[in-house]
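Biologist: Could you take a close look at one helix for me, and walk me through what it packs against?

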Amino acid sequence: MDRLVRQGLELTNFYTTPMCSTSRAELLTGRFYPRTGSFYINSGWDFMNTNEATMGRVFSAAGYKTVQLGKWHNGMTAGYMPSDVGFQDSFMPTPYVYENSTISVNSQDVPTAGWLEENLMGMALNYMGQRAADRQPFLMYYPFFSVHAGWMTSDHAGPRFQRPAPPEYLDKYAALPISSSTAQLYAMLEYVDSQVGRLLAWLDASGLASNTYVMLSGDNGPALFGSEQGHLPKEVRMPSGMAGSKHEVKEGGIRNFLAVRGPGIPQGGTSGQLAGLVDVLPTLAELAGLGQDVANQPWDGISFANIIRGQPLTTIQRERLLVTMQTQCIEDDFIPQLGPDRHVLKPQPLLDYSQGGNSGLGFKRCIGVRYQDYKWLADARDTQGAGRSFPLGAVGAPVTTGRGSPGWRVLRSRLSGGIA
């Protein structure tokens with residue numbers, strides 16, 4: 001992964017959503033996840049509206065071969081599978097089984113021996129070799145199952161909440177004075193890193209590196225096991241020291257990174273411009289020269305193609321609001337009403353700043369907003385609804401708070417009418 005960063009550009013001020021399925025919905029559609037119908041991780045809330053124009057549909061319509069490998073968490077039933085929403089090929093393993101897994105290859109179950117990510121990466125490299133041979137452009141969506149808790153094998157050997165990795169990686173970290181859960185995490189991460197290395201080496205050797213973009217990011221903040229909850233264990237698990245973790249709109253729950261390399265991208269660069277997973281599809285479309293003439297728009301995301309090419313920021317990028325909703329606001333009717341053009345209707349009671357949201361406590365308690373150098377959190381349970389404003393890079397005490405913050409004044413004026 002370090003090599004990927006050195007050979008390309010890293011976006012360091014990059015945001016996901018608090019949970020995995022909602023992040024994938026934004027990545028796949030270029031739209032804020034509440035618009036897509038994917039609100040949570042299970043009980044049907046992870047299903048994404050099949051009318052959405054996924055990246056599979058967008059690139060298939062433009063003549064690309066499209067493929068999905070790895071984790072699929074936006075509807076695991078007929079009608080919602082990758083092949084139903086635009087991906088021509090699919091390699092989908094049994095969820096969270098890391099050794100000797102069964103992989104569904106275009107709906108045909110294929111038993112495998114060995115470690116999951118090694119097998120999936122082998123399939124990915126074979127697929128790219130076929131596309132190179134037939135000279136077909138392709139889009140590959142490959143979310144690793146690692147790093148995530150799961151079972152060791154298909155017979156569910158061992159506890160559900162473990163982080164399996166090959167023994168050579170586990171042995172390396174087992175003797176360190178850290179919790180076994182964190183040691184497994186480090187091992188699993190290095191194992192994934194080795195597979196990223198395989199991908200980059202294959203692209204370089206095949207010659208495809210000269211015309212292929214590679215992007216790597218995460219889907220949410222770290223999930224902390226019980227042994228990682230205390231202050232010192234969390235610092236070992238999360239060296240960033242950011243507040244919060246998975247499920248939250250605090251920095252530790254949604255602050256991430258994106259590394260990208262490819263033609264026209266200067267090597268070794270970084271950018272602190274505000275961006276997020278919702279921007280990836282518009283960026284890919286611009287890089288491929290597809291424009292935005294696609295059904296089921298509008299995109300909420302803003303292409304960052306100019307940023308990775310070293311070009312100036314646009315006014316829209318400088319003035320953007322990046323809004324994230326905390327998934328604890330879920331309730332049965334928590335789906336915004338959309339108009340015929342798929343815009344969110346405003347006003348509507350759900351989005352009322354003071355009285356909307358879950359149980360009428362105000363939509364303000366559901367959201368975190370990033371704007372320029374500020375992040376704004378308004379969870380009433382923590383702040384009595386006043387909201388707090390921090391510089392984006394700060395992880396300690398805020399420099400300004402509540403109504404005294406200039407970032408708060410700008411955000412409050414723009415948010416008081418409800419969130420789209």
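Modeller: Helix α5 (residues 116–134) packs with helix α7 (residues 180–206) at an angle of about 15°, the axes being 10 Å apart. That makes α5 roughly parallel to α7 (angles under 35 degrees count as such). Axes here are lines fitted to C-alpha atoms, for helices over the stretch in contact, and angles run from 0 to 180 degrees between N-to-C directions. Helices (H or I, at least four residues) and strands (E, at least two) are DSSP runs, numbered from the N terminus.

Keep in mind that this is a predicted model, where local features need pLDDT of at least 70, side-chain atom pairs count only at pLDDT 80 or more, and totals for chains, interfaces and linings use all residues. Residues are numbered from 1 along each chain as its sequence is written, and side-chain values use heavy atoms, with hydrogens and water left out.

On the α5 side, the residues that meet α7 include Leu116, Met121, Leu125 and Met128, while Tyr191, Leu199 and Trp202 are among those in α7 (contact means heavy atoms within 4.5 Å). The contact residues divide into eight nonpolar, three polar and three charged, with Gly counted as polar.

α5 also lies across β2, β3 (89–93), β5 (102–105) and β7, running at about 175° to β2. Those strands sit in an open five-stranded sheet ordered β6-β5-β3-β2-β7, with mixed pairing; two strands pair if DSSP finds at least two bridges between them. β2 (residues 65–69) and β7 run parallel, joined by four bridges, and Thr66 has Leu139 in β7 as its bridge partner.

Methods. Parallel < 35°, antiparallel > 145°, perpendicular 65-115°, else oblique.
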